[in-house]
Amino acid sequence: SLYHIFPDARFICLIRDPVDSIPSMVSYISCVWKTFSDPNQKYPNTKDLIGFCELHYIYPIEFIENSKIPLNQWLFVSYHQLINGLSDTIESTLRHLYNSKQHEKLNNNKF
């Protein structure tokens, strides 16, 4: 795993409310089905799609809970936080990824 090779690695997990993301996933996958096939139903394989959506949320939670990666190496960013506060999210992400010396150096550079 990445953690075994890079034990000091930092991880970022983007979180989106299922109420927003599941319809988006269904719409996207439906569009793909329509593009590459001619389904009889508007939303074919909905049971499998719902299973995929569930796994999309369950797997990261189980992985993090069972992981040996310390919680301070994770950064959880909500989709709304990203959209509504891009500058602050970028800054907190940089703080998470770099130690204070590196972050200070980045602050002194103009991009």
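**Chat about a predicted model**

Colleague: How many salt bridges does a search of the whole structure find?

Modeller: A search of the whole structure turns up 1 salt bridge. Keep in mind that this is a predicted model.

Colleague: Which side chains meet in that salt bridge?

Modeller: Glu 91 and Arg 95. The N to O distance is 3.1 Å.

Colleague: Where do Glu 91 and Arg 95 sit, and how many residues apart are they?

Modeller: Both are in helix 5, which covers residues 86–97. They are 4 residues apart, so about one helical turn separates them.

Colleague: What is the relative accessibility of Glu 91?

Modeller: It is 38% for Glu 91, so that residue counts as partly exposed. The limits for that class are 20% and 50%.

Colleague: And what is the relative accessible area of Arg 95?

Modeller: Arg 95 has 45%, so it is partly exposed too.

Colleague: New topic. What is the secondary structure of the chain?

Modeller: There are 6 helices and 2 strands. Along the sequence the pattern reads α-β-α-α-β-α-α-α.

Colleague: How many residues are in the chain, and what percentage count as buried?

Modeller: The chain has 111 residues, and 20% of them count as buried.

Colleague: What about contacts between residues at least 6 apart in sequence?

Modeller: Of those contacts, 58% join residues at least 24 apart.

Colleague: Now helix 2 and helix 3. At what angle do they pack?

Modeller: About 135°, with the axes 11 Å apart. Helix 2 is residues 18–36 and helix 3 is residues 46–66.

Colleague: Why call helix 2 and helix 3 oblique?

Modeller: Roughly antiparallel needs an angle over 145, and roughly perpendicular runs from 65 to 115. The angle here is about 135°, so helix 2 and helix 3 are oblique to each other.

Colleague: Is the crossing of helix 2 and helix 3 left-handed or right-handed?

Modeller: Right-handed.

Colleague: Which residues meet there?

Modeller: Helix 2 brings Pro 18, Ser 21, Ile 22, Met 25, Val 26 and Ile 29. Helix 3 brings Leu 49, Phe 52, Cys 53, His 56 and Tyr 57.

Colleague: How do the residues of that contact divide into nonpolar, polar and charged?

Modeller: 9 are nonpolar and 2 are polar, with no charged residues.

Colleague: One more residue. Where does Ile 50 lie?

Modeller: Ile 50 is in helix 3. Its relative accessible area is 47%, so Ile 50 is partly exposed.

Colleague: How many residues apart are Ile 50 and Val 26, and what about in space?

Modeller: Ile 50 and Val 26 are 24 residues apart in sequence. In space, their C-alpha atoms are 8.5 Å apart.

Technical notes:
Residues numbered from 1 in each chain as written. Predicted model: local features only at pLDDT ≥ 70, side-chain atom pairs only at ≥ 80, totals over all residues. Heavy atoms only, no water. Axes fitted to C-alpha atoms, helices over the stretch in contact; angles between N-to-C directions. Parallel < 35°, antiparallel > 145°, perpendicular 65-115°, else oblique. Left-handed = near helix turned anticlockwise from the far one by under 90°. Contact = heavy atoms within 4.5 Å. Nonpolar A, V, L, I, M, F, W, Y, C, P; charged D, E, K, R; others polar. Salt bridge = Lys/Arg side-chain N within 4 Å of Asp/Glu carboxyl O. Buried < 20%, exposed > 50% of the residue type's maximum accessible area, 1.4 Å probe, protein only.
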